[in-house]
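Work through these exercises with the structure in view. Try each task before you read its solution.

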Amino acid sequence: MGDKEIILTQEGLRKLEDELENLKSVKRREVAERIKIAIGYGDISENSEYEDAKNEQAFIEGRIITLEKMLRNARIINNDEIDIDTVSIGSIVVVEDLEYGDTMEYTIVGTAESDPSQNKISNESPVGKAILGKKKSTVVEVNVPAGIIQYKIVDIRK
């Protein structure tokens with residue numbers, strides 16, 4: 001990730017802070033206890049419980065470092081920065097697939113908080129890139145592996 005700016009909404013910031021707090025205060029303690037118990041079993045050279053706990057500890061510490069770096073480089077998008085005239089990060093956008101007539105609603109977020117299952121798409125995703133900076137009623141073309149999809153921006157809101 002380097003020193004790349006991480007764009008977050010207030011909700012995204014809160015989720016990352018909560019995850020970091022949980023890892024530091026709960027998960028670290030749990031895994032330390034597992035290691036202590038595993039050491040109590042004796043020879044650690046062939047102790048799978050010890051090995052599993054050490055691997056989990058390494059994962060947790062790595063995630064803590066990643067989250068701390070993300071939070072250090074975070075730029076928070078405040079609600080009053082969200083423009084309803086053009087699509088921007090934080091916008092809720094309704095688009096219509098011009099081929100099939102389906103409408104979808106997406107929230108445009110930074111890559112750190114994208115979650116397609118929650119209709120939160122990254123500003124760097126194909127759809128996100130295509131609609132970013134566009135106005136209501138604009139038709140955009142999105143290159144996807146299946147070909148080109150045309151979307152019409154139906155609505156933009158906060």
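**Exercise 1.** In which loop is Ser137 found?

*Solution.* Ser137 sits in the loop between helix 3 (126–131) and strand 6 (139–144). Helices (H or I, at least four residues) and strands (E, at least two) are DSSP runs, numbered from the N terminus. Now look at the backbone: Ser137 is not a glycine, yet its phi is positive, about 80 degrees.

A word on the source: this is a predicted model, where local features need pLDDT of at least 70, side-chain atom pairs count only at pLDDT 80 or more, and totals for chains, interfaces and linings use all residues. Residues are numbered from 1 along each chain as its sequence is written, and side-chain values use heavy atoms, with hydrogens and water left out.

**Exercise 2.** What is the strand order of the open sheet?

*Solution.* The five strands run 5-4-3-7-6, with mixed pairing. Two strands pair if DSSP finds at least two bridges between them. Strand 5 and strand 6 are at the edges with a single partner strand each, so one side of each has no neighbour in the sheet.

**Exercise 3.** How do strand 3 and strand 4 pair?

*Solution.* Strand 3 (residues 92–97) pairs with strand 4 in the antiparallel sense, over five bridges. Find Val94: it stands opposite Glu105 in strand 4.
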